[in-house]
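Trainee: I have a new model open and want to learn how to read it. Where do we begin?
Mentor: Let us take a look together.

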Amino acid sequence: MVYEIIIIGGGPAGLTAAIYAGRARLKTLLLEKGLPGGRAATTEIIENYSGFPSGIGGPELMQRMEEQARNFGAEIKTLCEVSSVTLKEDYKIVAANNQEYSAKTIILASGAQATRLNIPGEKEFTGRGISYCATCDGAFFKDKKVLVVGGGDAAVEEALFLTRFAKSVTIVHRRDTLRAAKILEERVRKNPKINFVWNSELAKISGDSSVKEVILYNKLNNKEISLEIDGVFIYIGSKPNTDFVKDLINLDSKSYILTDEKLQTSIEGIFAAGDVRHNKLKQVAVAVGEGSIAAISAQKFLEEHL
Ligand code: NAP
């Protein structure tokens with residue numbers, strides 16, 4: 001069996017590509033290493049996706065996209081992790097879970113994952129007080145003291161979310177101005193449960209069976225302070241999931257996929273969309289737009305080449 005399109009990744013970019021490909025009546029397979037939805041499904045509420053004036057829950061939006069993709073005939077395999085993509089004559093071969101799938105075109109929509117700080121205690125306490133997903137783990141910290149690391153949209157948004165449970169939320173940021181959108185900054189500054197530690201980095205996390213203490217290093221005065229903390233949420237950006245194609249296609253210096261304006265990668269017939277691609281903005285709306293462009297480009301490629 002040869003698929004016309006194999007889509008790797010089931011976040012907003014991959015699912016939208018599947019909607020367009022299915023609707024074009026192309027034989028489409030989507031492979032997702034976990035469950036569909038990607039990181040958007042771990043966001044409690046998405047407020048800036050057009051058409052939902054009161055916002056929409058991340059899981060609900062993603063379930064709707066999945067249902068729409070299935071309705072148009074896309075086949076979706078979950079818990080199916082791709083380990084490599086290779087070229088064989090006119091076909092692309094995708095290896096996943098000890099099986100091989102053949103395709104005429106591929107759309108890479110494998111997204112990105114949370115960057116680690118790589119500091120003492122981080123590995124040891126991950127899952128025991130350290131988390132990269134407030135939506136998933138926030139409720140464990142009812143009436144506790146938590147620390148959020150980072151100054152971008154994700155850090156600020158998740159700090160606000162954590163105030164529902166936590167007694168206090170301390171945001172530690174390496175500069176003295178936030179990178180986050182102004183509307184989020186306004187909210188965070190108004191919230192009485194949130195306080196800031198500026199110009200500082202999280203240097204060490206320690207505890208016993210769970211996190212108990214953090215050491216923050218102030219970059220201006222070179223002093224360290226210790227805080228008693230029960231939980232640490234790290235939001236310092238992301239790293240693209242491109243290991244499985246790093247020897248096949250051209251990546252930028254941070255391992256994001258380079259494409260042309262049709263979203264075609266350095267290999268003909270392989271396209272990329274969403275957070276995994278070298279682009280300026282990581283947003284659901286952008287991923288959706290790119291998923292549709294990549295699917296239409298793949299469709300045109302099939303018409304012209306095969
Ligand atoms: P981001 O925008 O890249 O912000 C990362 C933050 O972490 C920055 O404040 C950065 O500091 C800090 N940081 C990076 N490396 C660090 C390190 N080693 N130690 C300490 N701090 C470090 O990442 P993000 O917040 O995950 O957002 C990713 C993308 O998703 C963005 O495009 C964002 O707009 C989007 N997003 C949007 C929404 C929304 O629209 N509601 C929600 C979530 C995410 P500096 O500022 O000093 O560089």
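Trainee: Which element gives the largest share of the lining of the second largest pocket?
Mentor: Keep in mind that this is a predicted model. To read a lining, ask which elements its residues come from. Here α5 gives the largest share, with four residues. Both α5 (153–162) and α6 (182–190) supply at least two residues of that lining.

Trainee: How much space lies in the second largest pocket?
Mentor: About 220 Å³.

Trainee: Which residues line the second largest pocket?
Mentor: Thr-43, Glu-44, Ile-45, Glu-47 and Thr-135 are among them. The lining also includes Glu-157, Glu-158, Leu-160, Phe-161 and Arg-164. Leu-184 and Arg-187 belong to it too.

Trainee: How do the lining residues of that pocket divide by class?
Mentor: Six are charged, four are nonpolar and two are polar.

Trainee: Now the ligand. Which residues come nearest to the ligand?
Mentor: Start with the shell, then pick out the nearest members. The ligand has 17 residues around it, and Asn-48, Asp-153, Glu-157, Arg-175 and Arg-179 come nearest. Glu-157 is also one of the residues lining the second largest pocket.

Trainee: How many residues of each class does the shell around the ligand have?
Mentor: Seven polar, six charged and four nonpolar.

Trainee: Which atoms lie 3.0 Å from an oxygen atom of the ligand?
Mentor: For Gly-151, a backbone N or O atom lies 3.0 Å from a ligand oxygen. For Gln-283, an N or O atom of the side chain is 3.0 Å from a ligand oxygen. Asp-153 has a polar side-chain atom 2.7 Å from an oxygen atom of the ligand.

Trainee: How much of the ligand's accessible area does the protein cover?
Mentor: On its own, the ligand has 900 Å² of accessible area, and the protein covers 74% of that.

Trainee: What should I look for in the backbone angles?
Mentor: Most residues other than glycine have a negative phi. Arg-25 is not a glycine, yet its phi is positive, about 60 degrees. Asn-118, also not a glycine, has a positive phi of about 60 degrees.

Trainee: Where are Arg-25 and Asn-118 found?
Mentor: Arg-25 sits in the loop between α1 (12–23) and β2 (28–31). Asn-118 sits in the loop between β9 (112–114) and α3 (122–125).

Trainee: Is Arg-25 buried or exposed, and what about Asn-118?
Mentor: Exposed means over 50% relative accessible area. Arg-25 has 65%, so Arg-25 is exposed. Asn-118 has 66%, so Asn-118 is exposed too.

Technical notes
Residues numbered from 1 in each chain as written. Predicted model: local features only at pLDDT ≥ 70, side-chain atom pairs only at ≥ 80, totals over all residues. Heavy atoms only, no water. Near = heavy atom within 4 Å. Polar contact = N/O pair within 3.5 Å; in protein donor to acceptor, adjacent residues only side chain to side chain. Areas by Shrake-Rupley, 256 points an atom, 1.4 Å probe, with all protein chains shown as cover. Nonpolar A, V, L, I, M, F, W, Y, C, P; charged D, E, K, R; others polar. 1 Å grid on protein atoms, 1.4 Å probe; cavity = no way out; pocket = protein on both sides within 12 Å on 5 of 7 lines; lining within 4 Å. Points joined across faces, edges and corners; volume = space filled by probe spheres on them. Buried < 20%, exposed > 50% of the residue type's maximum accessible area, 1.4 Å probe, protein only.
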